[in-house]
Amino acid sequence: MNDDMIRRKNRIRKEIRRLKNELSEIDRQVISLTVLRKLEALPEFTSAKTVLIFWSMDDEVDVRDFIAKWADRKKFILPSICGDELSLKEFAGVEKLIAGDLYSIPEPEGKPFNEFNEIDLVIVPGVAFDRNNNRLGRGKGYYDRILSQLKGKTPLIGICYDFQMVEEIPTEPHDVKMDGVICG
Ligand code: ADP
Ligand code: MG
């Protein structure tokens, strides 16, 4: 990866960080609910039995209550940090989550979930997205590595606040495109 690419990606990461700092907790909850209402109306969500999603960090669209709300009707799979890779684990309740190795994000315990064919829908967090469904992450490439195994097999839907939708994200060949982005 060349220095210019790192600089261009980091410039967007920095700008989004600034905008996130201006967001109040109320704004965060209101926008999150808007995004989640759109997600619930999505046919791919309605029909999905198994959904790969994520446990939100404090600066992301908050899907934590949403997961708890739907947990008796959908099987949710969450990422778990395993060295340089994300492994997948089945969500078995909020009380069963443990702090993960990266940023202490809560993640399920137990054995990895390897039934990739069973996943009907993937909900993807990101630092920024653009209108061409490109995604920018936090810079570790975790999602690119796991999503490259799911691309084309199941819909990949990014979710974000509207200010995270930017004009153009610089991309490299390893960056995995979304199939759609929901913002609020
Ligand atoms: P992010 O997607 O988190 O914004 P980048 O796309 O900038 O991060 O990728 C960060 C690093 O991860 C890069 O150095 C890149 O080479 C590496 N990386 C990402 N995806 C892959 C992949 N599929 N195989 C090998 N390395 C990868
Ligand atoms: Mg990437």
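Is Thr50 buried or exposed? Thr50 is buried, with a relative accessible area of 3%, where buried means under 20% relative accessible area, exposed over 50% and partly exposed in between, for a 1.4 Å probe and protein chains only. This is a predicted model, in which local features need pLDDT of at least 70 and side-chain atom pairs count only at pLDDT 80 or more, while totals for chains, interfaces and linings use all residues. Residues are numbered from 1 along each chain as its sequence is written, chains are lettered from A and ligands numbered from 1 in the order in which they are written, and side-chain values use heavy atoms, with hydrogens and water left out.

**Overall fold and surface**

- The protein holds five helices and eleven strands, these being DSSP runs numbered from the N terminus, with helices (H or I) of at least four residues and strands (E) of at least two.
- The radius of gyration of the protein is 16 Å, which agrees with the value near 16 Å for a compact globule of 184 residues; the radius is taken over C-alpha atoms, and the globule rule is 2.2 Å times the number of residues to the power 0.38.
- Along the principal axes, the C-alpha atoms fill a box of roughly 45 × 35 × 30 Å, and 50% of the 184 residues count as buried.
- Among contacts with a separation of 6 or more, 68% are made by residues 24 or more positions apart, a contact meaning heavy atoms within 4.5 Å.
- Carbon and sulfur atoms contribute 49% of an accessible surface of about 9,800 Å², computed by the Shrake-Rupley method with a 1.4 Å probe, and for residues only the protein chains shown count as cover.
- The mean positions of the 29 positive and 32 negative charges lie 1 Å apart; Lys and Arg count as positive and Asp and Glu as negative, without His and the chain ends, and each charge is placed at NZ of Lys, CZ of Arg, CG of Asp or CD of Glu.

- Beyond residues up to four places away in sequence, Thr50 touches Lys75, Ile77, Phe113, Glu118, Ile119, Asp120 and Leu121.
- Asp62 sits in the loop between strand 1 and helix 4 (64-70) and is buried at a relative accessible area of 11%, while its side chain makes a polar contact of 2.9 Å with that of Arg64.
- Apart from neighbours within four places in sequence, the contacts of Asp62 are Arg28, Gln29, Ser32, Leu36 and Ser56.

**Surroundings of Arg135**

- Arg135, in strand 8 (residues 135-136), is buried with a relative accessible area of 9%, and its side chain reaches the backbone oxygen of Pro125 at 2.8 Å.
- Outside four places in sequence, the residues in contact with Arg135 include Val124, Phe129, Tyr143, Ile169 and Met178.

**Positive phi in loops**

- Ser104, in the loop between strand 4 (97-99) and strand 5 (106-108), has a positive phi near 55 degrees without being a glycine, and at 47% relative accessibility Ser104 counts as partly exposed.
- Asn133, likewise not a glycine, has a positive phi of about 70 degrees and is placed in the loop between strand 7 (128-130) and strand 8.

Notes: A polar contact is a pair of N or O atoms within 3.5 Å; within protein, one must be able to donate a hydrogen and the other to accept it, and residues adjacent in sequence count only if both atoms are side-chain atoms.
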